[in-house]
Structure formats: structure tokens, C-alpha cells
Amino acid sequence: MRILLVEDDRKAAGLLTRGLGEEGFRVDTAHSAEDTEQKNLHTGYGLIILDWNLPGKDGLTFCEELRKREIRTPVLMLTARDALTDRVRGLDTGADDYLTKPFAFEELLARVRALLRRAEQARPGMLSVADLVLDPRSRRVTRSGRPLSLTPKEYAILELLLRRAGEVVSRTQLAEEIWRTGLIALDNLIDVHISNLRRKVDPPGVPPLIRTVRGCGFSLAADGSESP
């Protein structure tokens, strides 16, 4: 299991990395939010351990940005702030757990294991229609065994369509669930993403799966012909 540790105190980061490594975890480190830009935050890690007091962009802001980017990796927030209002802010921002410094390594380890167990139990099984398969655990998508390279928004749209396979998903539902906003000014954007997704999922020579239901929205089904 890979863990990303974002901690600006290099000595503390080294101690935590060594301790977690001895427990069988593979730990990557970053010393600021900016240091994580080249890392695969969508699928690369089972857990992010995040210090609140980072240089530049603080951990609270970074955690909030992760959730806005639809990165659902569990976050364990580390901080010297022990006021109730601070703990509430951290959890409301999107952190899954909160540990106040100084702490015993044994408690950190117990919280890490609990978060990983919770995430494992919450992960859904495979989603599929015909020969299209989406694995929510790895975020891997294949068609006829061939991997598809999707953008985060394309992946989110496809996952929603697969979860509601055979049902019509309206443009309003896409706007609210994928973009977290109303439909205003998103109509053309939705069409662009659906078009790009269709090119990848339904290339020439294979039965189309993504269906446009004119005036209603979109659906995913094995008889994916476009409605007249």
C-alpha cells in the first residue's frame, strides 16, 4: 500500500517514512502542496497524510482543493492545532481523520490502518456493460480488454452512466453531479465531453454503447444506438 506524506518538517517526515516503511508501507514524501503536482493523486495512493501548517498553500486549503478535484483518497490531517473549532474545520474541509501533534507513532499507525480498512470496505465492485469494464479500485477502464485513457471528467461521466446503466441521465444531473453546479453555461461543455468520451468508448467497428436520448440526456446500454 502506497502512502503520500506531505510534511514540511524533513526530520519528522524522515522518521515517519522509516517507521511506516518498517510496517510494510511504501511512502512517498512531499514537503509542500506544490511538491505534489507531479504525483498521481487520483489513483497513486491509498492514503494521504497531510500536515496542516505547510509553507505556501496550507494543508487545509490543499485538502479542500483535492476534494474539489474529485480526489477521494482518505486524508489524515496532522496539526499542532487542538482547538475544537480547528478540528471541525479540518473535517468539514474534507479530511477523514485528525491527529494532534505531538502524537505517539502507535496511534498514527492505528489511525492509518483504520482509514485504509474503511476505504477498502467502501470501494465498490466492477462496473460493466457488454465488454466495457470500469474498475473503481484502480480507476482502470477497458473495452474488449483494451485500456482506455480517460480524463478525470470523462471518467466521472462514464462511471455515472455505468452506475445508472439502462437509465437516462439528464444534462442537469451531469451538471450537478460532475461539475457540482447548475446547467447554466455547461450545456456545450457537456456535449464536448460526451463527444470525446464516445470517441474512446465507441470507436468505429464496435457496437456503440453510449446513447443520446434527444431532449432527455444520455444512457449507457448494450443497444447503444442514438435515438431518433
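**Close-up views of a predicted protein chain**

**View 1. The whole chain, to get your bearings.** Of the 228 residues in the protein chain, 45% count as buried, where buried means under 20% relative accessible area, exposed means over 50%, and partly exposed is in between (1.4 Å probe, protein chains only). This is a predicted model, so local features need pLDDT of at least 70 and side-chain atom pairs count only at pLDDT 80 or more, while totals for chains, interfaces and linings use all residues. Residues are numbered from 1 along each chain as its sequence is written, and side-chain values use heavy atoms, with hydrogens and water left out. The protein chain has 7 helices and 12 strands; helices (H or I, at least four residues) and strands (E, at least two) are DSSP runs, numbered from the N terminus. Its C-alpha atoms fill a box of roughly 65 × 35 × 30 Å along the principal axes. Of the contacts (heavy atoms within 4.5 Å) between residues at least 6 apart in sequence, 54% join residues at least 24 apart.

**View 2. L76 and its neighbours.** Find strand β4 (residues 75–79), and you'll find L76 in it. L76 is buried, at 0% relative accessibility. Leaving aside residues up to four places away in sequence, L76 touches a whole list of others, including L47, I49, Y98, L108 and L115. L115 is 39 residues from L76 in sequence, yet the two C-alpha atoms are 8.2 Å apart in space.

View 3. Look between β7 (residues 132–135) and β8 (residues 140–143) for 4 antiparallel bridges; L132 has R143 in β8 as its bridge partner.

**View 4. A sheet of three strands.** This open sheet has the order β10-β12-β11, again with antiparallel pairing. Its edges are β10 (169–170) and β11 (210–213), each with a single partner strand, so one side of each is left without a neighbour in the sheet. Between β10 and β12 (residues 217–220) there are 2 antiparallel bridges, and S170 has G217 in β12 as its bridge partner. Helix α7 (residues 187–201) lies across β11 and β12, at about 145° to β11.

**View 5. The buried side of helix α6.** In α6 (residues 171–178), pick out L174, A175 and I178, which are buried. They cover an arc of only 100° around the axis, so they sit on the same side of α6; the arc is that of the directions from the helix axis to the C-beta atoms. Among the elements covering these buried residues are α5, β10, α7 and β12.

Notes:
Pairing = 2+ DSSP bridges. Axes fitted to C-alpha atoms, helices over the stretch in contact; angles between N-to-C directions.
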